[in-house]
Amino acid sequence: MILLAAMLATAVFTRPMERVSTMDPVKVQSMYDSRAAKLVYESVLAIDYAARPYKLVPGACEMPEVSADGRVYRFKMRSEGLTAEDVVRELERVRDPKTASPSGYMLVKVESMKVLDARTFEIRLKARQHVFPWMLTYVGIRRADGEGTGPYRLKSWWKNHEMVFERRRPAPGGFDVVKYLVIDDVSTQWLMFLKGEIDMLGEISRDNWDAVIRADGKLDDRLIAEGVTLCESSTLDVLFLGANMRDPVLGPNRKLRQALNCAFDYPAWERFYNGRIQPCDSPVPNGVGGKLTTPFPYAYNLEKARKLMVEAGYPDGIDPKTGRRLVLTLSIGRASQESREAGELTAAFFNRIGIKLDLDFMTWDAFLKALHERRCQLYRIGWVGDYPDAENFLQLFHSANVSPGANRSNYVNPEFDREYEAAMACDDADKRNAHWAKCQEIIREDCPWVFTHYPKSYSLIRPRVDNFIPGAFPYGNEQYYKVSE
């Protein structure tokens, strides 16, 4: 029994993870940054790990008192390690334009923040914002000395190789150490999982899919015999090719952007991803209130794509001014095997309508910098929902959020802005959803994105891990995992 207790006290959970670029919670700019940061830093409020539908629960603070007009939020601290001053200071960092925080868009409606006493602070909004409490689940809060008060502390960080986190406080039955490994080669990931060297594969590569899943969609018998569990779930993610609306070719030519959507061969794309995706017909994923459900007018239709190319001024992809094929450039962060093959497949789709697509592979940091500086013509990226509301996805198109904000396509449409702001002013959910539907109709007609897919989530879990619950918000969730006895 003593030996078992010692083993559990030092239990290590190991998983592969993409590169983390920063541990400053105000500057996180990818889901991988967020996963690491939320292990170390508490947020003002939290999302219940197990509840479905998702719901808010206390975090570093208790649930707030809200004024009748929905504009004033008063919070009392719950965390013993943080003060009201810590929270206000960090949220002011998010708001400060000099910080250039990727999360800055979340606080654009904040009018003022005020510390009332060591354990109480108040936030006043410029206008009612129904999603505001959800936004406070995202940014982690640091103490004045830069330390966190979350479930883990960062013990070591070997950049681009390994991150090790250790528990701040004992958690009976939980993992005391979490280890993230950067393993670029998916075959190496797979072999390490088979040998029990990693506990979880959060993403099953295309190349390993047939070794994991039988033709009937069930887990391979050998893995079942080892006690491995396959967890499948939907996500609140949307993947797309964004068009830079400030680009002189794509920006003013809506017919061309519509043609790109019609040329995107979703059936072939679905085969490429082993059926692990769903067709994307809106910026808003399935399962989110207010999602538009009418057919997408620019879904795959090659004949329509060719007709739109004529209307766009590029019959058969030829620019009449030069007599040459139209050339577009797609910027891609991370040159993995999957991203290269996906880029080549996309180029093949567009070649059918006469467009030559050049692929520009960058490092992730260089890619984000190019997006912030509005230098990409087309770019491949995704958006991971921060909270389950249509606003979280549609704010990607508001003019106030252009780059370096979340509106990386630099889309500006006064009609869209009016509908968006009308939705935000609504107290009634049905009326708000009607405005969200109109927003989506506008976006689907303007096509600032090529809508590619909504991903499904498939995770492989070793039998030594208990209490894994798949969800759309995987940030810091290792704190809830248990060691199987």
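Reply: Let us begin with pairing: two strands pair if DSSP finds at least two bridges between them, and a strand is a DSSP run of E with at least two residues, numbered from the N terminus. This is a predicted model, in which local features need pLDDT of at least 70 and side-chain atom pairs count only at pLDDT 80 or more, while totals for chains, interfaces and linings use all residues. Residues are numbered from 1 along each chain as its sequence is written, and side-chain values use heavy atoms, with hydrogens and water left out.

Me: How do you know that β15 is paired with β22?

Reply: Strand β15 (residues 237-243) is joined to β22 by four bridges, and the two run antiparallel; since at least two bridges are required, they count as a pair. Within this pairing, L239 stands opposite H453 of β22.

Me: What makes β13 and β22 a pair?

Reply: Strand β13 (residues 200-201) is joined to β22 by two bridges, again antiparallel, and the rule asks for at least two. Here M200 stands opposite I461 in β22.

Me: Why is β22 described as largely enclosed?

Reply: A residue is buried when its relative accessible area is under 20%, exposed when it is over 50%, and partly exposed in between (1.4 Å probe, protein chains only). In strand β22 (residues 449-461), 12 of the 13 residues are buried, so the strand is largely enclosed by the rest of the structure.

Me: Why is C447 called buried, and how do you know that C447 is in no disulfide?

Reply: The relative accessibility of C447 is 1%, and because the limit for buried is under 20%, C447 counts as buried. A disulfide is a pair of cysteine sulfur atoms within 2.5 Å, whereas the nearest cysteine sulfur to that of C447, belonging to C262, is 7.5 Å away. A search of the whole structure finds zero disulfides.

Me: Why is S156 called partly exposed?

Reply: S156, which is found in strand β10, has a relative accessible area of 30%, and this value falls between the limits of 20% and 50%, so S156 is partly exposed.

Me: What makes β1 and β10 edge strands?

Reply: They belong to an open sheet of four strands in the order β1-β12-β11-β10, with mixed pairing. β1 (12-16) and β10 (152-158) each have a single partner strand, so one side of each is left without a neighbour in the sheet.
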